[in-house]
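Please look over the model shown here.

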Amino acid sequence: MQNILRFFYRYRMGIALVTLQLFGIGMTAAQSQWHHSKFWSTRLSAQAAWIANVNGWKWYFNLADDMELLALENAELKSHAADSSQTGEEPTEWIPGRLVFGQTNLPHNHMLFNKGSLDGVKAGQGVISTQGVVGVVTRVSDHYARIMPIIDADSRISAASMVSGHFGTVRWVGRNAQRATWEHVGIQAPLQIGDTVVSDGRSAIFPNNWPIGIIDKVMVDSSQMTQYAYIALLHDFSRLQPAYVVNMPQQDERQNLSQP
(Lines give C-alpha, C1' and ligand atoms only; values in the text may rest on other atoms or scores of the structure.)
Protein backbone atom coordinates (compact mmCIF):
# COMPACT_ATOMS: atom_id res chain seq x y z
CA MET A 1 0.00 0.00 0.00
CA GLN A 2 2.84 2.36 0.87
CA ASN A 3 4.50 1.64 -2.48
CA ILE A 4 1.30 2.56 -4.33
CA LEU A 5 0.95 5.81 -2.42
CA ARG A 6 4.66 6.55 -2.98
CA PHE A 7 4.17 5.95 -6.73
CA PHE A 8 1.24 8.37 -6.98
CA TYR A 9 3.11 10.99 -4.91
CA ARG A 10 6.24 10.73 -7.03
CA TYR A 11 4.40 11.01 -10.36
CA ARG A 12 1.61 13.30 -9.17
CA MET A 13 2.43 16.02 -11.68
CA GLY A 14 2.45 13.64 -14.65
CA ILE A 15 -0.77 11.97 -13.53
CA ALA A 16 -2.44 15.35 -13.07
CA LEU A 17 -1.29 16.44 -16.55
CA VAL A 18 -2.64 13.27 -18.24
CA THR A 19 -5.93 13.56 -16.33
CA LEU A 20 -6.38 17.19 -17.43
CA GLN A 21 -5.54 16.30 -21.03
CA LEU A 22 -8.09 13.48 -21.07
CA PHE A 23 -10.68 15.76 -19.50
CA GLY A 24 -9.97 18.43 -22.11
CA ILE A 25 -10.25 15.93 -24.97
CA GLY A 26 -13.55 14.70 -23.55
CA MET A 27 -14.94 18.23 -23.27
CA THR A 28 -13.83 19.03 -26.83
CA ALA A 29 -15.39 15.86 -28.25
CA ALA A 30 -18.64 16.43 -26.35
CA GLN A 31 -19.03 19.97 -27.70
CA SER A 32 -17.63 19.37 -31.18
CA GLN A 33 -20.09 18.30 -33.89
CA TRP A 34 -17.27 16.80 -35.95
CA HIS A 35 -15.96 14.67 -33.07
CA HIS A 36 -19.51 13.60 -32.17
CA SER A 37 -20.24 12.60 -35.77
CA LYS A 38 -16.93 10.78 -36.07
CA PHE A 39 -17.57 8.83 -32.87
CA TRP A 40 -21.01 7.60 -33.96
CA SER A 41 -19.83 6.87 -37.48
CA THR A 42 -17.03 4.70 -36.11
CA ARG A 43 -19.37 2.99 -33.65
CA LEU A 44 -22.01 2.20 -36.29
CA SER A 45 -19.36 0.90 -38.68
CA ALA A 46 -18.02 -1.39 -35.98
CA GLN A 47 -21.55 -2.62 -35.14
CA ALA A 48 -22.28 -3.29 -38.82
CA ALA A 49 -19.04 -5.25 -39.20
CA TRP A 50 -19.81 -7.27 -36.07
CA ILE A 51 -23.39 -8.06 -37.20
CA ALA A 52 -22.15 -9.07 -40.65
CA ASN A 53 -19.56 -11.37 -39.07
CA VAL A 54 -22.08 -12.96 -36.70
CA ASN A 55 -24.64 -13.42 -39.48
CA GLY A 56 -21.93 -14.97 -41.64
CA TRP A 57 -21.18 -17.61 -38.99
CA LYS A 58 -24.91 -18.23 -38.43
CA TRP A 59 -25.37 -18.69 -42.16
CA TYR A 60 -22.44 -21.14 -42.24
CA PHE A 61 -23.79 -23.31 -39.42
CA ASN A 62 -27.33 -23.24 -40.91
CA LEU A 63 -26.09 -24.09 -44.39
CA ALA A 64 -27.12 -27.75 -44.27
CA ASP A 65 -30.64 -26.88 -43.14
CA ASP A 66 -30.91 -24.17 -45.79
CA MET A 67 -29.82 -26.56 -48.53
CA GLU A 68 -32.54 -28.96 -47.45
CA LEU A 69 -35.10 -26.14 -47.47
CA LEU A 70 -34.01 -25.05 -50.94
CA ALA A 71 -34.33 -28.59 -52.24
CA LEU A 72 -37.85 -28.80 -50.87
CA GLU A 73 -38.66 -25.37 -52.32
CA ASN A 74 -37.45 -26.40 -55.77
CA ALA A 75 -39.64 -29.51 -55.64
CA GLU A 76 -42.67 -27.42 -54.61
CA LEU A 77 -42.03 -24.84 -57.31
CA LYS A 78 -41.61 -27.48 -60.01
CA SER A 79 -44.88 -29.03 -58.90
CA HIS A 80 -46.74 -25.73 -59.12
CA ALA A 81 -45.11 -24.93 -62.47
CA ALA A 82 -46.32 -28.28 -63.79
CA ASP A 83 -49.84 -27.56 -62.55
CA SER A 84 -49.82 -24.18 -64.32
CA SER A 85 -48.61 -25.67 -67.61
CA GLN A 86 -51.32 -28.33 -67.49
CA THR A 87 -54.10 -25.78 -66.91
CA GLY A 88 -52.77 -23.38 -69.56
CA GLU A 89 -52.21 -20.53 -67.08
CA GLU A 90 -49.40 -18.04 -67.52
CA PRO A 91 -46.50 -19.30 -65.34
CA THR A 92 -45.82 -17.61 -62.03
CA GLU A 93 -42.45 -15.85 -61.66
CA TRP A 94 -40.41 -16.78 -58.58
CA ILE A 95 -37.66 -14.42 -57.39
CA PRO A 96 -35.33 -16.34 -55.03
CA GLY A 97 -33.54 -14.63 -52.17
CA ARG A 98 -33.08 -14.65 -48.44
CA LEU A 99 -34.70 -13.04 -45.41
CA VAL A 100 -31.89 -11.05 -43.79
CA PHE A 101 -33.76 -9.27 -40.98
CA GLY A 102 -36.91 -9.95 -38.99
CA GLN A 103 -38.92 -8.84 -35.96
CA THR A 104 -41.35 -10.92 -33.89
CA ASN A 105 -42.02 -9.01 -30.67
CA LEU A 106 -43.74 -5.80 -31.83
CA PRO A 107 -47.36 -5.02 -32.79
CA HIS A 108 -46.09 -3.96 -36.22
CA ASN A 109 -43.21 -6.18 -37.29
CA HIS A 110 -41.30 -6.08 -40.55
CA MET A 111 -38.75 -8.21 -42.40
CA LEU A 112 -36.11 -7.51 -45.05
CA PHE A 113 -35.56 -9.54 -48.22
CA ASN A 114 -32.21 -9.26 -50.01
CA LYS A 115 -33.62 -8.59 -53.49
CA GLY A 116 -35.08 -5.31 -54.75
CA SER A 117 -36.40 -3.42 -57.75
CA LEU A 118 -33.34 -4.26 -59.84
CA ASP A 119 -34.31 -7.92 -59.45
CA GLY A 120 -37.95 -7.34 -60.42
CA VAL A 121 -39.42 -7.08 -56.91
CA LYS A 122 -42.40 -4.72 -56.57
CA ALA A 123 -44.61 -3.54 -53.71
CA GLY A 124 -47.72 -5.68 -53.34
CA GLN A 125 -46.09 -8.99 -54.27
CA GLY A 126 -46.34 -12.00 -51.99
CA VAL A 127 -43.44 -13.66 -50.15
CA ILE A 128 -43.37 -17.40 -49.40
CA SER A 129 -41.02 -20.07 -48.11
CA THR A 130 -41.13 -23.84 -48.28
CA GLN A 131 -42.79 -23.85 -44.87
CA GLY A 132 -45.58 -21.46 -45.78
CA VAL A 133 -46.76 -17.94 -46.52
CA VAL A 134 -44.49 -15.21 -45.11
CA GLY A 135 -46.12 -11.87 -45.99
CA VAL A 136 -46.43 -9.06 -48.54
CA VAL A 137 -43.82 -6.65 -49.95
CA THR A 138 -44.62 -3.09 -48.86
CA ARG A 139 -41.57 -1.06 -49.95
CA VAL A 140 -38.70 -1.64 -52.34
CA SER A 141 -35.23 -0.16 -52.86
CA ASP A 142 -32.73 -1.13 -55.54
CA HIS A 143 -31.38 -4.12 -53.63
CA TYR A 144 -33.81 -4.80 -50.76
CA ALA A 145 -37.53 -5.22 -50.11
CA ARG A 146 -39.41 -4.51 -46.88
CA ILE A 147 -42.02 -7.13 -45.99
CA MET A 148 -45.12 -6.91 -43.82
CA PRO A 149 -45.30 -10.46 -42.43
CA ILE A 150 -48.40 -12.30 -41.29
CA ILE A 151 -47.33 -11.41 -37.74
CA ASP A 152 -48.24 -7.74 -38.15
CA ALA A 153 -51.38 -6.19 -36.66
CA ASP A 154 -52.34 -4.75 -40.08
CA SER A 155 -51.85 -8.00 -42.01
CA ARG A 156 -54.88 -9.67 -43.62
CA ILE A 157 -54.38 -12.83 -45.70
CA SER A 158 -57.16 -14.48 -47.67
CA ALA A 159 -57.17 -18.19 -46.87
CA ALA A 160 -59.23 -21.36 -47.19
CA SER A 161 -59.48 -24.83 -45.72
CA MET A 162 -57.54 -27.34 -47.80
CA VAL A 163 -60.14 -29.98 -46.90
CA SER A 164 -63.47 -28.22 -47.47
CA GLY A 165 -62.54 -25.12 -49.50
CA HIS A 166 -64.43 -22.75 -47.16
CA PHE A 167 -62.66 -19.41 -46.98
CA GLY A 168 -61.93 -16.73 -44.41
CA THR A 169 -59.22 -14.25 -43.41
CA VAL A 170 -56.02 -14.90 -41.46
CA ARG A 171 -55.25 -12.17 -38.93
CA TRP A 172 -52.54 -11.91 -36.28
CA VAL A 173 -53.73 -10.97 -32.80
CA GLY A 174 -50.27 -10.36 -31.34
CA ARG A 175 -48.21 -11.85 -28.52
CA ASN A 176 -47.30 -15.20 -30.13
CA ALA A 177 -45.26 -15.11 -33.35
CA GLN A 178 -46.32 -18.65 -34.29
CA ARG A 179 -50.10 -18.34 -33.87
CA ALA A 180 -52.83 -16.42 -35.67
CA THR A 181 -56.61 -16.50 -36.08
CA TRP A 182 -58.59 -17.51 -39.15
CA GLU A 183 -61.79 -15.46 -39.05
CA HIS A 184 -65.17 -14.95 -40.79
CA VAL A 185 -65.53 -18.59 -41.83
CA GLY A 186 -69.05 -19.72 -42.71
CA ILE A 187 -70.98 -21.33 -39.86
CA GLN A 188 -71.62 -24.36 -42.07
CA ALA A 189 -67.92 -25.08 -42.71
CA PRO A 190 -66.86 -28.48 -41.24
CA LEU A 191 -63.68 -27.29 -39.54
CA GLN A 192 -61.55 -29.88 -37.77
CA ILE A 193 -58.46 -29.63 -35.58
CA GLY A 194 -55.46 -30.63 -37.69
CA ASP A 195 -56.87 -29.25 -40.97
CA THR A 196 -54.45 -27.16 -43.04
CA VAL A 197 -55.29 -23.56 -43.90
CA VAL A 198 -53.90 -22.47 -47.27
CA SER A 199 -53.90 -19.46 -49.59
CA ASP A 200 -57.01 -19.47 -51.76
CA GLY A 201 -58.15 -18.50 -55.25
CA ARG A 202 -59.48 -15.13 -54.08
CA SER A 203 -55.92 -13.89 -53.61
CA ALA A 204 -54.05 -12.29 -56.49
CA ILE A 205 -50.87 -12.23 -54.40
CA PHE A 206 -50.07 -15.82 -53.45
CA PRO A 207 -50.20 -19.05 -55.43
CA ASN A 208 -53.27 -21.16 -54.74
CA ASN A 209 -53.08 -23.79 -51.97
CA TRP A 210 -49.81 -22.57 -50.44
CA PRO A 211 -49.76 -23.61 -46.73
CA ILE A 212 -50.29 -21.03 -43.99
CA GLY A 213 -51.08 -22.89 -40.78
CA ILE A 214 -52.69 -25.84 -38.98
CA ILE A 215 -55.99 -25.49 -37.06
CA ASP A 216 -55.57 -26.27 -33.37
CA LYS A 217 -58.80 -24.77 -31.96
CA VAL A 218 -62.23 -23.96 -33.41
CA MET A 219 -64.67 -21.39 -31.98
CA VAL A 220 -68.14 -20.14 -32.97
CA ASP A 221 -69.08 -16.45 -33.12
CA SER A 222 -72.84 -16.68 -32.58
CA SER A 223 -73.34 -12.92 -32.91
CA GLN A 224 -71.97 -12.99 -36.47
CA MET A 225 -73.13 -16.53 -37.31
CA THR A 226 -69.56 -17.39 -38.30
CA GLN A 227 -66.70 -19.52 -37.05
CA TYR A 228 -63.08 -18.70 -36.32
CA ALA A 229 -60.10 -20.88 -35.60
CA TYR A 230 -56.72 -20.52 -33.97
CA ILE A 231 -53.96 -21.74 -36.27
CA ALA A 232 -50.31 -22.65 -35.72
CA LEU A 233 -48.36 -20.81 -38.42
CA LEU A 234 -46.09 -23.04 -40.46
CA HIS A 235 -43.38 -20.53 -41.39
CA ASP A 236 -40.85 -20.05 -38.59
CA PHE A 237 -40.67 -16.26 -38.20
CA SER A 238 -37.92 -16.51 -35.58
CA ARG A 239 -35.39 -17.74 -38.14
CA LEU A 240 -33.79 -16.03 -41.15
CA GLN A 241 -33.92 -18.35 -44.14
CA PRO A 242 -34.35 -18.60 -47.91
CA ALA A 243 -37.61 -17.30 -49.38
CA TYR A 244 -39.25 -16.35 -52.69
CA VAL A 245 -41.05 -13.24 -53.89
CA VAL A 246 -43.98 -14.31 -56.08
CA ASN A 247 -44.98 -12.37 -59.19
CA MET A 248 -48.44 -13.72 -60.00
CA PRO A 249 -49.68 -13.54 -63.61
CA GLN A 250 -52.11 -10.66 -64.30
CA GLN A 251 -51.86 -9.61 -60.62
CA ASP A 252 -52.69 -5.94 -61.30
CA GLU A 253 -55.63 -6.83 -63.56
CA ARG A 254 -57.15 -9.18 -60.98
CA GLN A 255 -56.73 -6.69 -58.13
CA ASN A 256 -58.34 -3.88 -60.14
CA LEU A 257 -61.39 -6.01 -60.96
CA SER A 258 -61.67 -7.16 -57.32
CA GLN A 259 -61.95 -3.59 -56.00
CA PRO A 260 -65.49 -2.25 -55.36
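This is a predicted model: local features need pLDDT of at least 70, side-chain atom pairs count only at pLDDT 80 or more; totals for chains, interfaces and linings use all residues.

Residues are numbered from 1 along each chain as its sequence is written, and side-chain values use heavy atoms, with hydrogens and water left out.

**Barrel**

Six strands form a closed barrel in the order 6-7-8-11-10-9, with antiparallel pairing. Neighbouring strands of this sheet are turned by 40 degrees against each other on average, direction ignored. Axes here are lines fitted to C-alpha atoms, and angles run from 0 to 180 degrees between N-to-C directions. Strands are DSSP runs of E with at least two residues, numbered from the N terminus. Two strands pair if DSSP finds at least two bridges between them. Strands of a sheet pair through backbone hydrogen bonds, either parallel or antiparallel.

**Strand pairs**

| Pair | Bridges | Bridge partners |
|---|---|---|
| Strand 9 and strand 10 | Three | Val 198 and Pro 211 |
| Strand 1 and strand 12 | Six | Trp 94 and Val 246 |
| Strand 3 and strand 12 | Three | Ile 128 and Tyr 244 |

**Single residues**

Is Ser 129 buried or exposed? Ser 129 is buried, with a relative accessible area of 1%. Ser 129 sits in the loop between strand 3 (126–128) and strand 4 (133–140). Its side chain makes a polar contact with the side chain of His 235 at 2.8 Å. Such a contact is a pair of N or O atoms within 3.5 Å; within protein, one must be able to donate a hydrogen and the other to accept it, and residues adjacent in sequence count only if both atoms are side-chain atoms.

Phe 167 belongs to strand 7 (residues 167–171). Phe 167 is partly exposed at 46% relative accessible area; that class lies between buried and exposed, the latter being over 50%. Phe 167 and Trp 182 are 15 residues apart in sequence and 9.0 Å apart in space, C-alpha to C-alpha.

**Surface patch**

Phe 101, in strand 1 (residues 93–102), is partly exposed, with a relative accessible area of 33%. Val 100, Phe 101 and Tyr 144 make a nonpolar surface patch of about 240 Å². Patch residues have over 30% relative accessible area and no salt bridge, and nonpolar side chains are joined within 5 Å. A salt bridge is a side-chain nitrogen of Lys or Arg within 4 Å of a carboxyl oxygen of Asp or Glu. Areas come from the Shrake-Rupley method with a 1.4 Å probe.

Note on methods: Patches are made of residues with over 30% relative accessible area and no salt bridge: like charges are joined within 9 Å, nonpolar side chains (Val, Leu, Ile, Met, Phe, Trp, Tyr) within 5 Å. Helices (H or I, at least four residues) and strands (E, at least two) are DSSP runs, numbered from the N terminus. Buried means under 20% relative accessible area, exposed over 50%, partly exposed in between (1.4 Å probe, protein chains only).
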